[in-house]
Amino acid sequence: MFETLTAPEADKIIRLMALFAADPRPEKIDLGVGVYRNSQGQTPIMAAVKEAERQIWNAQQSKSYISLAGDKAYLEAVEDLLFTTRGAKAAIATPGGTGALRQCFEALKYLRAGLTVWLPEPTWPNHASILHYLGLQVQTYRFRDEATGGLDHAGMMADLAQVAEGDAVVIHGCCHNPTGIEPSAQVWRDIALTLAKAKALPVIDMAYLGFGNGIEADLTGLRLIAAECPELLVGFSASKSFGLYRDRVGAVLAQCAGPETQTQMQGLLTWLNRQNYAFPPDHGARVVQVILDDPDLRAMWETELTTMRAEINANRQGFADALRAHQMATLADQIAAQRGMFSLLGLSVEQVRRLRENSAIYIVEDSRANLAAMTPMSSRIVAQAISALAKEDQSA
Ligand code: LMR
């Protein structure tokens with residue numbers, strides 16, 4: 001039976017992880033998958049998480065099921081973290097941010113037949129992959145201006161204005177993956193008004209909260225959109241913001257127009273949990289809830305998140321300085337102005353391959369580099385290697 005099987009190709013991030021793991025060179029540098037690493041190259045467990053786990057270990061008396069939708073206290077804590085008011089919302093806990101997006105996309109199939117889902121160009125590869133897997137129609141809207149490396153504001157607004165009523169539009173809530181482009185508050189306002197005018201359904205992917213300019217600042221877009229659009233879906237991930245990657249902690253929150261649609265949406269999302277994995281995992285979600293609901297643990301978490309953000313931004317500045325030292329001021333300025341884990345380095349697939357093969361530097365083939373895994377040493381090595389690539393290409 002199995003001899004007829006052809007495995008689907010893994011996406012470019014997963015392929016790169018396998019290549020990196022197989023590389024025996026000790027000097028190899030991993031700037032691929034989006035994982036934060038400190039200057040010692042470690043991804044430590046946050047102290048707030050350790051303390052919450054200790055408390056849970058002491059207090060928890062049962063591992064029996066909680067509820068198909070997930071723990072209510074966790075879902076309310078996430079709602080209070082993201083939104084300024086409670087209001088009519090449906091919510092489910094999910095395994096990680098990808099689980100949340102998968103449930104959002106599945107829910108779309110029940111909203112309107114033939115609906116189109118709009119993705120920014122470029123975007124995280126798994127968005128399109130899951131949508132195609134589910135048989136949903138996909139279109140792209142312009143986001144990055146190739147010429148400047150910044151936001152294509154006019155192109156984005158023109159494309160979003162074309163969205164048909166009821167179509168879904170995926171928005172990166174902050175720290176756009178892979179570009180690092182962060183819309184200003186004024187641009188977020190334009191986006192919110194354009195989506196509302198088109199009567200589109202925003203699907204906000206919120207995976208890097210606190211990694212850009214701080215928790216409140218990183219929620220600017222979500223909150224402006226939530227104020228303008230009566231209905232929206234949020235796919236929340238705690239992987240990065242709480243460092244809970246492998247514990248798979250996520251949630252879907254659906255802002256609904258009123259209590260009746262809230263009841264129906266809650267029923268749909270809960271039923272989707274049952275279809276896909278039944279009861280969502282609880283341990284990591286409980287860790288998040290304990291942290292958010294305890295003022296001391298919350299303060300501890302916010303301090304640790306602030307430290308991570310400061311390090312990532314220092315990595316950006318350090319890398320930008322290293323690029324300037326090699327006369328790459330334009331790229332340096334872009335990188336210094338961008339936010340979150342990622343930036344595109346503007347290299348071709350072929351150049352990315354040479355970087356990997358000749359210098360053991362691993363970035364994704366679209367030239368996305370994970371700046372949250374850089375160190376002062378690796379930023380100098382990468383800047384030097386990119387400069388050498390450009391020189392080789394000029395003399396060829
Ligand atoms: C990434 O973009 O590298 C992260 O979101 C991890 C993943 O699952 O791809």
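In this predicted model, the largest pocket lies between domain 1 (7-45 + 298-395) and domain 2 (67-293), because both domains give residues to its lining. The volume of the largest pocket is about 520 Å³. Its lining comprises 26 residues, and those nearest the centre are Val 33, Thr 98, Trp 124, Tyr 208 and Lys 240. At least two lining residues come from each of helix 1 (12-22) and helix 4 (96-108). Sorted by class, the lining of the largest pocket holds 12 nonpolar, eight polar and six charged residues.

Helix 10 accounts for the largest share of the lining, with four residues. The class composition of the second largest pocket is 13 nonpolar, four polar and four charged residues.

Packing of nonpolar side chains was examined next. The largest nonpolar core contains 71 residues, and the residues with the most contacts inside it are Tyr 74, Leu 82, Ile 191, Ile 225, Phe 236 and Trp 301. This core lies between domain 1 (7-45 + 298-395) and domain 2 (67-293), since both contribute residues to it. Another core, of 34 residues, lies apart from the largest one; Phe 105, Trp 124, Leu 131 and Cys 256 are among its members. Trp 124 of this other core is also one of the residues nearest the centre of the largest pocket.

Rolling a probe the size of a water molecule over the atoms shows where empty space is left. Three cavities of 30 Å³ or more were counted. The largest cavity has about 80 Å³ of space. Fifteen residues line the largest cavity, and Phe 143, Ile 171, His 172, His 176 and Trp 188 are nearest its centre. Strand 5 (168-172) and helix 7 (185-198) are the elements that provide two or more residues of this lining. By class, 11 residues lining the largest cavity are nonpolar, three are polar and one is charged.

The second largest cavity holds about 40 Å³ of space. Its lining consists of Ile 66, Ser 67, Gly 70, Asp 71, Ala 93, Pro 280, Pro 281, Asp 282 and Ala 285. Of the residues lining the second largest cavity, five are nonpolar, two polar and two charged.

One loop position was also characterised. Gly 340 is located in the loop between helix 13 (329-337) and strand 9 (342-344). Gly 340 counts as buried because its relative accessibility is 0%, the cut-off for this class being under 20%. When neighbours within four places in sequence are left aside, the contacts of Gly 340 are Cys 175, Phe 211, Gly 212, Ile 312 and Arg 316. The C-alpha atoms of Gly 340 and Lys 28 are 23 Å apart in space, and the two residues are 312 residues apart in sequence.

Technical notes: Residues numbered from 1 in each chain as written. Predicted model: local features only at pLDDT ≥ 70, side-chain atom pairs only at ≥ 80, totals over all residues. Heavy atoms only, no water. 1 Å grid on protein atoms, 1.4 Å probe; cavity = no way out; pocket = protein on both sides within 12 Å on 5 of 7 lines; lining within 4 Å. Points joined across faces, edges and corners; volume = space filled by probe spheres on them. Nonpolar A, V, L, I, M, F, W, Y, C, P; charged D, E, K, R; others polar. Domains from an automatic or database assignment. Core = buried A, V, L, I, M, F, W, Y, C linked by side-chain atoms within 4.5 Å. Buried < 20%, exposed > 50% of the residue type's maximum accessible area, 1.4 Å probe, protein only. Contact = heavy atoms within 4.5 Å.
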